[in-house]
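The sequence and the structure are shown first.

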Amino acid sequence: MTNASPRPPSASREDRRVLAGALAGTTIEWYDFFIYAQAAGLVFAPHFFGPVNERAPGLATLISLATIGISFLFRPLGAVVAGRFGDRIGRKRMLVLTLLLMGAATTLIGLLPTYGRIGLAAPVALILLRILQGFSAGGEWGGAALLSVEHAPRGRRGWYGAFPQIGVPIGLILATGVLWAVDAATTEGQFLAWGWRVPFLLSVALIAVGYLIRRAVEESPVFRELEERTRTSSAPLRDLFRGESRNVVLSALIFIANNAAGYLLIAYFIGYGTGVLGLPRSSVLPATVVGAAGWLVFTLLAGALSDRIGRVRTFQIGYAALFAWMVPLFLLMDTRDIGLFTVAVLVMSVGLGLSYGPMSALYAEMFPASVRYSGAAIGYALGAVLGGAFAPMIAEALMQSTGSGLSVGAYIMVLCAVSGAAVSMVKEPKDTDLGDTRRTPV
């Protein structure tokens with residue numbers, strides 16, 4: 001049990017600017033990332049995989065969902081590059097670069113001709129732009145998480161670190177809300193012909209806002225102190241795997257269940273609700289927004305809770321909740337009642353938030369300052385590859401082969417057991433010295 005400590009100081013003006021910058025940037029990045037994921041489940045099969053869709057619509061849907069996962073394979077590369085330079089030139093500069101790269105890729109997808117216009121070049125270009133999105137996302141999270149946590153006073157790191165985390169559900173709400181608005185404002189034919197492009201093209205305005213906010217943010221004080229105190233490593237990746245390989249593996253395993261379950265909400269449940277259950281898209285999209293709103297609230301609460309009871313305990317509660325809800329989740333959905341469908345995804349958001357809110361603080365406290373960006377970003381990216389990369393495709397394949405959503409629930413339950421075991425192997429790191437360059441034991 002830790003000794004009682006004085007009430008942490010309230011956030012300064014600069015701290016609030018940092019939190020706003022982290023939140024705005026991650027929200028915009030994940031809006032871009034999620035717009036693709038949702039469009040992949042709704043419109044990409046006929047537009048970019050037309051010949052396959054004509055012969056086997058189910059296979060075309062699987063291929064379309066698989067393109068979501070392809071980008072994840074390049075997230076570790078983005079994490080390596082951003083981590084290397086983020087540990088050498090600073091968190092702030094890398095965050096600005098990743099934001100611009102993501103915005104450019106998203107806007108170009110909105111302008112991309114379909115298979116009917118340019119043939120095979122269309123799916124090839126789509127996949128290349130998705131790879132750029134994955135590369136950018138791989139570098140984004142680590143920088144935003146560290147910028148927030150390294151500005152936080154001791155005792156409030158979980159709360160500060162929750163702000164880049166809630167960029168995920170806010171990005172999902174924004175993406176789903178825009179898609180819902182476009183769907184409501186167009187006919188079915190208009191939506192399929194050009195309406196789906198509007199959310200991608202809106203990224204231009206969002207990126208401009210995010211760029212201006214992030215440019216005004218000061219560099220992390222821990223990074224500035226590290227620059228003044230020592231020379232930053234010329235080979236942070238080598239140093240990372242030499243001394244912190246166990247932490248990298250654990251951080252990856254900790255994330256896989258949350259990421260897989262999150263991508264069911266992000267990319268799979270819309271298609272499941274409309275395609276398998278026959279519910280109208282105009283009802284399923286708002287249900288997804290409700291689930292994302294719950295995810296946002298419980299992520300913030302989890303960050304604050306982890307400052308009181310610890311990161312590890314908060315994660316354990318979250319994964320236990322996710323594990324226990326997987327069977328009731330699909331039983332409620334399969335009633336084909338939109339009210340129960342909404343309740344199912346809302347309750348799921350409790351476990352999602354509790355196993356996501358403490359992540360920024362946990363990862364920052366697991367790695368020493370000199371390799372922290374590399375360690376946090378690579379662990380997060382590898383966990384995304386193992387967890388959410390192909391979760392929608394795996395869920396669709398399980399559904400097609402078994403005919404039951406319970407098989408998808410069992411898949412997530414196995415991952416919850418793995419992630420729960422991994423986080424239980426971490427020695428509680430709450431309130432360790434973030435400026436310490438020594439290895440943090442686990």
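Leaving aside residues up to four places away in sequence, F44 touches Y36, A39, F49, S64, I109, L126, W196 and F200; contact here means heavy atoms within 4.5 Å. The model is a predicted one, in which local features need pLDDT of at least 70 and side-chain atom pairs count only at pLDDT 80 or more, while totals for chains, interfaces and linings use all residues. Residues are numbered from 1 along each chain as its sequence is written, and side-chain values use heavy atoms, with hydrogens and water left out.

F44 is also, with F269, M333 and Y363, among the residues that touch the most other members of the largest nonpolar core, which has 108 residues. A nonpolar core is a set of buried Ala, Val, Leu, Ile, Met, Phe, Trp, Tyr and Cys residues joined through side-chain atoms within 4.5 Å. Buried means under 20% relative accessible area, exposed over 50%, and partly exposed in between, with a 1.4 Å probe and protein chains only. Helix α15 (residues 245–276) supplies the largest share of this core, 17 residues. Another core lies apart from it and has eight residues, including L19, A152, A162 and F163.

Helices are DSSP runs (H or I, at least four residues), numbered from the N terminus. Helix α16 covers residues 281–309, 29 residues in number, and its first and last C-alpha atoms lie 41 Å apart. That span is close to the 42 Å expected at 1.5 Å a residue, the expected value being 1.5 Å times one less than the number of residues. Just after α16, G310 has a positive phi of about 105°.

Most residues other than glycine have a negative phi. R336, which is not a glycine, has a positive phi near 65°. R336 is placed in the loop between α17 and α18 (338–354) and is partly exposed, at 48% relative accessibility.

## A nonpolar surface patch

L73, F74 and L77 make up a nonpolar patch on the surface, with about 250 Å² of accessible area together. Such a patch joins nonpolar side chains (Val, Leu, Ile, Met, Phe, Trp, Tyr) within 5 Å, from residues with over 30% relative accessible area and no salt bridge. Areas come from the Shrake-Rupley method with a 1.4 Å probe. L73 is found in the loop between α4 (57–72) and α5 (75–89) and is partly exposed, with a relative accessible area of 46%.

## Salt bridges

The whole structure holds six salt bridges, each defined as a side-chain nitrogen of Lys or Arg within 4 Å of a carboxyl oxygen of Asp or Glu. One of them pairs D183 with R281 at 2.8 Å, N to O. This pair links helix α9 to helix α16, with its residues 98 apart in the chain. D183 is buried at 14% relative accessible area, and R281 is buried at 16%.

E365 pairs with R157 at 3.0 Å, N to O. R157 belongs to helix α9 (residues 157–185) and E365 to helix α19 (residues 359–366), 208 residues apart. E365 also meets R311 at 2.9 Å, N to O. R311 lies in helix α17 (residues 311–333) and E365 in helix α19, so this pair ties together parts 54 residues apart in sequence. Salt bridges that share partners join R157, D307, R311 and E365 into one network.

Technical notes:
Helices (H or I, at least four residues) and strands (E, at least two) are DSSP runs, numbered from the N terminus. Patches are made of residues with over 30% relative accessible area and no salt bridge: like charges are joined within 9 Å, nonpolar side chains (Val, Leu, Ile, Met, Phe, Trp, Tyr) within 5 Å.
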